[in-house]
Amino acid sequence: MDAEFEEVKQEIRKVEQQIDAVEEQLTKAVTEADVAYWRKKEEQLRKKEEQLRKEKEQLREKELLLLNADTSAAQQDALDPFRRLLVEARVDVRIPEVTELKGYLLHPPRMAFPVSHRRYFQWKSYLSKADNFICHDPARGVCWNLDDHLGIVLRPPATGSTESSYHAYWDCLVTEPISLFSLETLVFDRDTSRFSSSENKRPDKLGMVSRLALWRGEEKGPDTEDDPKQELVRKLIWTYGNLPYLLCYYANAAIVTYCALVHDAKRCKTEVVDLITVNLSVVEDRLLASLIGFNISKLLMRLSEAGIVLGVESDFYDYRTDGKTVFVGTGVDKIYRDKRTFEKVYQIYKSIKDCPNAEQVLKINAADRRFRMIPRCLVKSRARPEDELLKALINVAEALVWLHGKNLMHRDITWRNVLRNTSDKDDLSCGNEILFARILRRAAFGIVG
């Protein structure tokens, strides 16, 4: 069963890579026939991805049925008790309301995780805040991954007086439990702002699930006075549509508060809802953080599944194409590897700097061959209602009138090149990455007449 499960996961990863490749081909396509071909290919791959995810869920349910069946002791021992409990914990998991989140995060597993005799008695006197989280039961085996983790939690990495000295501490006690209890691959990234411009601020900690930044954190050490709670909102662009919330935390040294980012679409405002605060210098609270991480790992999977169904996109992501790296966050940074290409792109941006409803350059760093772009647009968002469609068409027409007045033309007006401007919820900007990438690859930007 494990082999089948892993095989399906690998197939899903392959399909995701194929989708990326097809999307890349779409950016290079020039003729309508090429665009239609690659769009059909993309649709087929997305259907296949959805089918594989359903198959994975069926295998998960089948595995649970086998575990509950009347199997021999030898067969039971052959199964990993840790994985068995994780599979069982995910059955019928739903996305709770915000008002239910605190109780959800503190809820113990259906069955306590068995650990070694030595580890259990190390923790026995610290179970007051995480009752029924771990136990010692020789008949059920030992969850060795958890056993090892609890040994580190008992004596976490040492800290100093600076924020950087707390990084290993926070990773061990806040991030690691989420990764440990997850059946899926989670990608965590810290301090990604250092790889982009200083103006393209990103959260101190990002957790990516199925390419969505559903988990994030802001951290401050004893030597920092800034408010990490405020930074959670300041560094967020709500690109998550009707998802009920994102999960997050903010830390001031050893004091960590788990919370949710909740967006009110009517008021266009996002708020931080505090849930649970722990003091990681207290042993009982460190174990409680592991329990919270267990429940967060389950919920992140459900949020990612909901996000895929809703077709939302992440507010933070990076990608690389031939000769170029793009950092997308509160802004868009484009870095070109080749100096000659950078200079060509610069001349093009310079010629259309006054064009309405088009992407523009905010700042240029010639030393790094970097453009800082505005506005930050949504790639997947489309104009659906009639009023949005009319506004989008007017914006495109205004841009084309300006271009033609300068003896310039676009040559590739498709909905894929009309993206929503996140700085104005009612605005849809013409142009962005695909438009300007094609300037170089397919000469899509030329002289009229």
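Predicted model: local features only at pLDDT ≥ 70, side-chain atom pairs only at ≥ 80, totals over all residues.
Figure 1. Strands are DSSP runs of E with at least two residues, helices are runs of H or I with at least four, and both are numbered from the N terminus. Two strands pair if DSSP finds at least two bridges between them. Strands of a sheet pair through backbone hydrogen bonds, either parallel or antiparallel.

**Figure 2. The pairing of β5 with β6.** Strand β5 (residues 212-220) and strand β6 (residues 246-252) pair in the parallel sense, over 6 bridges. W215 has L247 in β6 as its bridge partner.

Figure 3. Contact means heavy atoms within 4.5 Å. Axes are lines fitted to C-alpha atoms, for helices over the stretch in contact, and angles between N-to-C directions run from 0 to 180 degrees.

**Figure 4. The contact between α8 and α10.** The axes of α8 and α10 come within 7 Å and cross at roughly 40°. That makes α8 oblique to α10 (angles under 35 degrees count as roughly parallel, over 145 as roughly antiparallel, 65 to 115 as roughly perpendicular and the rest as oblique). From α8, L173, P177 and I178 meet R286, A289, S290, G293, I296, S297 and L300 of α10. By class, this contact has 6 nonpolar, 3 polar and 1 charged residues (Ala, Val, Leu, Ile, Met, Phe, Trp, Tyr, Cys and Pro count as nonpolar, Asp, Glu, Lys and Arg as charged, and the others, Gly among them, as polar).

Figure 5. A89 is buried, with a relative accessible area of 10% (buried means under 20%, exposed over 50%, partly exposed in between, with a 1.4 Å probe and protein chains only). Not counting residues up to four places away in sequence, A89 touches F294 and K298. A89 and R110 are 21 residues apart in sequence and 6.7 Å apart in space, C-alpha to C-alpha.

**Notes.** Residues are numbered from 1 along each chain as its sequence is written, and side-chain values use heavy atoms, with hydrogens and water left out. Local features need pLDDT of at least 70 and side-chain atom pairs count only at pLDDT 80 or more, while totals for chains, interfaces and linings use all residues.
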